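Welcome, and please open the model in your viewer. We will begin with the whole chain and then stop at two places along it.

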Amino acid sequence: MKKKKVVIGFIGTQLDSGRGSGRWEKWRPTVALTQHEDIVIDRIDLLYSGQHELLLAQLEKDIADTSPETKVRSHQLAIQDPWDFEDVYGCLFDFARSYPFDTDKEEYWVHITTGTHVAQICLFLMTEASYLPGKLLQTSPPRRQTKGNFGEMTIIDLDLSRYDQIAQRFSREQEEGVAFLKSGIATRNARFNTMIDEIERVAIKSKAAILLMGPTGAGKSFLARRIFELKKARHRLEGKFVEVNCATLRGDGAGSTLFGHIKGSFTGAMSDRPGLLRTAHKGLLFLDEIGELGLDEQAMLLKAVEEKRFFPVGGDHEVQSDFQLVAGTNRDLGKEVAAGRFREDLYARINLWSYELPGLSGRVEDIAPNIDYLLSQYSAENGQMVRFNKEAKDSYMEFATSAQAVWAGNFRDLSASVTRMATLADAGRINDQNAVEEIKRLQRLWSHAHEGDGGSHELDLHDYLDAQQVAQLDLFDAVQLQAVLVICVRSKNMSEAGRKLFAASRSNKAKPNDADRLKKYLNKFGLQWDALHKNG
């Protein structure tokens, strides 16, 4: 079924006016819409404010003469000042909400040639935001006034995907935004790249809270700052980047640090303090380790996030701060809610956009590009180019991507490791000896890190196999199986474990199926993934 063509636009109090027979010699944009022989307008919805009944009646008569099939409907808007943006936009918004749009049967063109410049801009904004679900219609007078020439009509579709060059420009801009969030590091981990793609879109379009989850050192603080810098560059924020680690906030000082206090509100409060939430006004507040906040501070934060206002400690009057919140945590906040240590309503409020940053051992494909980035950064800061020789890089990468490399501190460990090797390199060259010594240093570091946990990094095969099975294993198979099981119990799912275990060989496969390879290996010993995690 062919859709009806409907035009929505303002009466042109100057352009559409005219009296006597001479009016037909003048280009009148609203009447001209119906004078094109190749286009039939089924209905025109004319918007106006004030007293223009005579002009409206004249237009209705002239349109009926030129195009009897075109119906005219008039809508008087309660606009007090046609040059006031808030007034015009508010009245148009009310009009759009009450208008019975039927996009299945009707096609809408929003005429932006008539009306004040403010009205034209507001019509554009309403159409762009889809409150007016149509295309823009721009008309212009004929260059030469000749019989049968009624000017030009241009349809502007705001669906940019229809315009290749514009779409390519926006695509490039998005790619630049994604690269910016990754600091230009050519990361290869598919899950991480997909996550960053979405964060880029959310950062540009949304002001809602963002929750970054992941282990310590996974890059939550770094990513939060890059989100701020991206939003600042795109003019989505005006204020500062304010960061605080909630694990450092204790007692009465926690509320004062975040929400400020009034002079004399407690012992030692010698003067007013604005607090970090007010410091972050119109900017971004990053609350790292938000799970460490006390329940009282959580309640105050919920009000501040929802209402953009709160009470300073000891204050009787609310203050305001319009900030965007990015929260970070290495805890499972769902479990914290169940245990009563984190407010369910606050968790629901900050969990709209939540992203889990994988640890370095879950992104072994990205170790090489991150090493290149860290060496480039070190070289720029110290004024000397530092590189690996081939043997050193091969041996270091073999260890770094193996199951032996637990990367307990994630990217902090990697950054420290690269810095040590670069510092000890002679003539800007990291040699094999530098790499071997660094590998030993990392092994000692991670060994010491586990000394206090009762040796939980070790694993007893008797917990997974019966005594006869263990006795029949060659030492080679027993050592290999033990290493595989350590990775399995530390991974959240079979795919993650497979990526760690087959990091080197998977790059040579067009469609690596790490989970299937791991499943077949475990089946050799009669082991199932779910059973491993029950034991682990």
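Helices (H or I, at least four residues) and strands (E, at least two) are DSSP runs, numbered from the N terminus. Show the protein chain as a cartoon, and you have 21 helices and 15 strands to explore. This is a predicted model, in which local features need pLDDT of at least 70, side-chain atom pairs count only at pLDDT 80 or more, and totals for chains, interfaces and linings use all residues. Residues are numbered from 1 along each chain as its sequence is written, and side-chain values use heavy atoms, with hydrogens and water left out.

Now colour by burial, where buried means under 20% relative accessible area, exposed over 50%, and partly exposed in between (1.4 Å probe, protein chains only). Of the 536 residues of the protein chain, 45% count as buried.

For the first stop, select Lys 282, in the loop between helix 9 (276–279) and strand 9 (284–288). Is Lys 282 buried or partly exposed? Lys 282 is partly exposed, at a relative accessible area of 40%. Its phi is near 65 degrees, a positive value in a residue other than glycine.

Then move on to Trp 407, in the loop between helix 14 (390–400) and helix 15 (411–424). Here phi is near 45 degrees, again positive in a residue other than glycine. Trp 407 counts as buried, with 2% relative accessibility. Most residues other than glycine have a negative phi.
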